[in-house]
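Please look over the sequence and the structure shown below before reading on. The explanation that follows is meant to be read with the model open beside it.

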Amino acid sequence: MAFDYEKYLRMDKIPHLWCPGCGIGVVLKAMLRAMENVNWERNDTAFVSGIGCTSRAPGYIDCNTLHTTHGRGLTFATGIKMAQPDKNLVIFSGDGDATAIGGNHFIHACRRNIDMTLIVVNNNIYGMTGGQHSPTTPIGFKASTTIYGNVDPSFDICLLARAAGATYVARSTVNKGRTLEQYIQRGFENKGFSVIEAVSNCHTQFGRKNNMSDPISSRKWIEDREIPLAKARDMKAEDLKNMVITGEFITEKSDLERWENYNRAEKEYTEAYSDIIKKVKKK
Amino acid sequence: MSEKIKLPDGFRSWEADVKIGKKEDKVTIGHWAEGCKGCAICVDVCPKKVWKLIEAKNKWNGQLVIVDKPDACIKCMLCEIHCPDFCIKIF
């Protein structure tokens with residue numbers, strides 16, 4: 001049966017302004033389905049975004065929404081969560097927004113393990129501002145600031161979040177709408193900081209400079225590079241160059257080594273904070 | 001399905017009797033032409049070639065999709081999940 005997206009959308013603002021075939025629409029739909037699955041009330045949920053193509057997403061959702069400054073979606077969301085710890089927080093962010101301009105906020109939000117869900121839509125470029133290369137542009141690919149090919153190695157957002165201490169980390173692509181929905185749902189259910197990276201297509205800015213200017217070929221490019229995590233474990237490092245490894249990097253029952261876990265947060269941030277307040281008040 | 005399916009305003013609907021495996025079923029495909037930007041993702045993901053790309057006058061890229069073969073639909077919902085513009089509904 002068809003899903004009733006109209007229930008969650010500001011229909012007077014639809015059709016949205018994203019380019020024809022943009023993957024953010026797919027991610028937004030997956031997120032709305034996940035929200036229905038976990039039965040979140042619209043009044044108890046807040047959507048926060050920074051700047052970029054993804055920052056438009058909360059504008060289309062009929063919930064409590066906030067559009068903030070570049071890269072600072074996480075900081076505003078932390079403020080909301082500290083003031084009202086019982087509310088559900090979702091942050092929509094792009095790869096440039098989360099890992100370049102808000103990179104510091106990103107790793108520190110992971111470290112604190114505050115109960116929020118960050119959805120990073122990774123399209124390998126700064127789409128809205130004119131196609132500058134971002135921290136996730138693969139080596140050798142062209143952008144408007146790297147016209148002869150990019151030389152900077154790229155960030156792995158999932159491994160970064162894992163190292164910084166997030167408690168649920170997963171990656172999927174826009175070609176797999178159902179998997180994305182499942183991962184986002186698990187992120188919502190996780191009590192702690194969850195990062196879901198959705199590898200998306202930007203054929204308008206990234207594709208046009210790299211010979212895939214339509215959504216179909218852009219999506220095909222992502223599909224061809226996709227390797228499941230279980231398969232990637234047995235592969236050589238050279239074969240994994242510029243590949244997209246998908247799967248759940250950290251779950252509640254993760255198979256992490258003990259030393260990897262040694263300085264992780266034991267409690268969720270707002271809980272730990274309220275414990276401190278109680279302790280001080282007793283004195 | 002005895003009850004009447006209610007599509008949102010502006011949706012054009014195609015109805016057909018389909019056979020999914022050995023099961024007889026009814027399908028209603030709804031498409032919102034005003035919001036469709038003609039990205040042709042539905043044409044690409046559909047395993048049964050239900051959708052067809054046509055030229056049309058609109059403010060996007062001059063393309064639009066229509067339902068070509070509604071009776072081929074197997075209700076896999078791929079087009080509904082992957083339409084970025086909230087334009088497709090399958091019942």
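This is a predicted model: local features need pLDDT of at least 70, side-chain atom pairs count only at pLDDT 80 or more; totals for chains, interfaces and linings use all residues.

We begin where the two chains meet. On one side 19 residues of chain B take part, and they are in contact with 18 residues of chain A. Three elements of chain B, namely α1 (41-45), α2 (78-82) and β5 (88-90), each supply at least two residues of the side that touches chain A, and the largest share, 3 residues, comes from α2(B).

Within chain A, helix α9 (residues 215-225) has a buried face made up of P215(A), S218(A), R219(A) and I222(A). Because these residues cover an arc of only 95° around the axis, they lie on the same side of α9(A). In general, an α-helix has 3.6 residues a turn, so residues three or four places apart point the same way. The cover over the buried residues of α9(A) includes, from chain A, β7 (168-173), β8 (194-199), α8 (203-209), β9 (226-228) and β10 (244-250), and it also includes α1 of chain B.

Another pair of helices in chain A shows how two such elements pack. The axes of α3 (residues 73-83) and α5 (residues 103-112) of chain A come within 8 Å and cross at roughly 40°, and α3(A) is therefore oblique to α5(A). In this contact α3(A) contributes L74(A), T75(A) and T78(A), while α5(A) contributes H105(A), F106(A) and A109(A); taken together, the contact residues divide into 3 nonpolar and 3 polar, with no charged ones.

The backbone of chain A also has some details that deserve a careful look. In the segment before α1 (24-37) of chain A lies P15(A), which is joined to I14(A) by a cis peptide bond with omega of about 10°. N39(A) sits in the loop between α1 and β1 (45-49) of chain A, and it counts as exposed because it has 6 C-beta neighbours inside 10 Å, where the cut-off for exposed is 12 or fewer. N124(A), by contrast, belongs to the loop between β4 (117-122) and β5 (125-126) of chain A, and with 28 other C-beta atoms within 10 Å N124(A) is buried.

Definitions and conventions. Residues are numbered from 1 along each chain as its sequence is written. Chains are lettered from A and ligands numbered from 1 in the order in which they are written. Two residues are in contact if their C-beta atoms, placed from the backbone, lie within 7 Å. Helices (H or I, at least four residues) and strands (E, at least two) are DSSP runs, numbered from the N terminus. Axes are lines fitted to C-alpha atoms, for helices over the stretch in contact, and angles run from 0 to 180 degrees between N-to-C directions. Angles under 35 degrees count as roughly parallel, over 145 as roughly antiparallel, 65 to 115 as roughly perpendicular and the rest as oblique. Ala, Val, Leu, Ile, Met, Phe, Trp, Tyr, Cys and Pro count as nonpolar, Asp, Glu, Lys and Arg as charged, and the others, Gly among them, as polar. A residue is buried if 20 or more other C-beta atoms lie within 10 Å of its own, exposed if 12 or fewer, and partly exposed in between; C-beta atoms are placed from the backbone. The arc is that of the directions from the helix axis to the C-beta atoms.
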